[in-house]
Amino acid sequence: MARKAATTMTAASKKAATATGKKAATAASKKAGPTVTAAGKKAAASASKKASPTVTAASRYWLLKTEPGEWSWSDQARAPGGVGPWDGVRNHQAMNNLRAMRCGDRCLFYHSGAGAMSRRVVGVVEVAREWYEGEEGEATAGGAVDVRAVGEFQKPVGLAEIKKAAGEVDGMKDFALIRQARLSVMPVPVKIWDWICEMGGGFVQDGEVEDETEG
């Protein structure tokens with residue numbers, strides 16, 4: 001009898017201890033939960049804020065001018081991996097625009113020149129490396145970004161055609177390509193980017209023709 005009673009007491013004790021332990025654990029969890037969750041949310045938010053500068057909501061668009069005799073689309077496309085430095089810019093405003101570029105931003109590749117027929121957008125490149133300054137004596141010493149060839153337009157879009165659309169395309173009248181003829185690096189509004197890509201018939205990328213309206 002004594003052994004059975006002892007066993008019964010032990011079972012009851014275990015059951016009571018388990019119930020008490022679960023109740024205590026639940027209470028502790030409820031009490032500690034909000035504090036841990038709040039701290040977790042705060043830490044996550046802080047981490048998100050720190051990481052956000054490297055993750056852009058959408059790429060920005062630019063236009064880069066180059067003399068084809070110095071650096072043409074063919075030169076860009078033949079560069080290793082299609083990547084080359086965009087250097088030699090000295091204008092303060094143009095340099096600031098280069099500094100503002102981020103990896104993944106896309107740029108219209110524009111051939112400038114003395115003849116009206118040579119002034120045209122011929123393709124698209126994207127920023128592969130953000131602003132940096134090379135060693136003294138290097139071409140990039142004054143600062144540069146690296147750009148990668150994305151695709152060549154099916155047909156070039158001439159400056160005359162762009163000017164002609166000034167009264168038709170929203171924002172074209174104020175486009176820097178028209179208003180600041182000597183500026184070599186400039187931002188491109190989305191609507192103008194879409195229009196130029198459409199007029200160019202899309203561009204070849206990895207052997208395929210991209211959709212004409214893609215920005």
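Is Glu126 buried or exposed? Glu126 counts as buried, because its relative accessibility is 18%, where buried means under 20% relative accessible area, exposed over 50% and partly exposed in between, with a 1.4 Å probe and protein chains only.

1. **Ground rules.** Please keep in mind that this is a predicted model, in which local features need pLDDT of at least 70 and side-chain atom pairs count only at pLDDT 80 or more, while totals for chains, interfaces and linings use all residues. Residues are numbered from 1 along each chain as its sequence is written, and side-chain values use heavy atoms, with hydrogens and water left out.

2. **Overall layout.** The protein chain holds six helices and eight strands; here helices (H or I, at least four residues) and strands (E, at least two) are DSSP runs, numbered from the N terminus. Read from the N terminus, the order of elements is α-β-α-β-α-β-β-β-α-α-β-α-β-β. Buried residues make up 32% of the 215 in the protein chain. Among contacts (heavy atoms within 4.5 Å) with a separation of 6 or more, 63% are between residues 24 or more positions apart.

3. **Strand 1.** Strand 1 (residues 61-66) is largely enclosed by the rest of the structure, because six of its six residues are buried. Both of its faces are covered, with Tyr61, Leu63 and Lys65 on one side and Trp62, Leu64 and Thr66 on the other.

4. **Neighbours of strand 1.** Two strands pair if DSSP finds at least two bridges between them. Strand 1 pairs with strand 3 (residues 106-111) in the parallel sense, over six bridges, and Leu63 has Leu108 as its bridge partner there. With strand 6 (residues 185-187), strand 1 runs antiparallel, and three bridges join the two. Trp62 is bridged to Pro187 in strand 6.

5. **Back to Glu126.** The side chain of Glu126 meets that of Arg106 in a salt bridge, at 3.7 Å from N to O. The pair links distant parts of the chain, with Glu126 in strand 4 and Arg106 in strand 3, 20 residues apart. A salt bridge here is a side-chain nitrogen of Lys or Arg within 4 Å of a carboxyl oxygen of Asp or Glu. Arg106 also counts as buried, because its relative accessible area is 15%.

6. **Other salt bridges.** How many salt bridges does a search of the whole structure find? The search finds six. One of them joins Lys191 and Asp170, whose closest N and O atoms are 3.3 Å apart. That pair links helix 6 (residues 190-199) with the loop between helix 4 (159-164) and helix 5 (176-179), the two residues being 21 apart. Lys191 and Asp170 are both exposed. Asp174 and Arg179 meet in a salt bridge of 3.8 Å, N to O, and both of these residues are exposed too. Salt bridges that share partners also join Arg106, Glu126 and Arg148 into one network.

7. **Asp146.** Asp146 is buried yet has no salt bridge, and the nearest side chain of opposite charge, Arg129, is 4.3 Å away (Lys and Arg count as positive and Asp and Glu as negative; His and the chain ends are not counted). The side chain of Asp146 does make a polar contact of 2.7 Å with that of Tyr132. A polar contact is a pair of N or O atoms within 3.5 Å; within protein, one must be able to donate a hydrogen and the other to accept it, and residues adjacent in sequence count only if both atoms are side-chain atoms. Leaving out residues up to four places away in sequence, Asp146 touches others including Val83, Pro85 and Glu126.

8. **Glu133 and its loop.** Glu133 sits in the loop between strand 4 (120-132) and strand 5 (144-158), and Glu133 counts as exposed because its relative accessibility is 54%. Glu133 and Gly143 are ten residues apart along the chain, with 4.2 Å between their C-alpha atoms.

9. **Helix 6.** The buried residues of helix 6 are Ile192, Trp193, Trp195, Ile196 and Cys197. Just after helix 6, Gly201 takes a positive phi of about 75 degrees.
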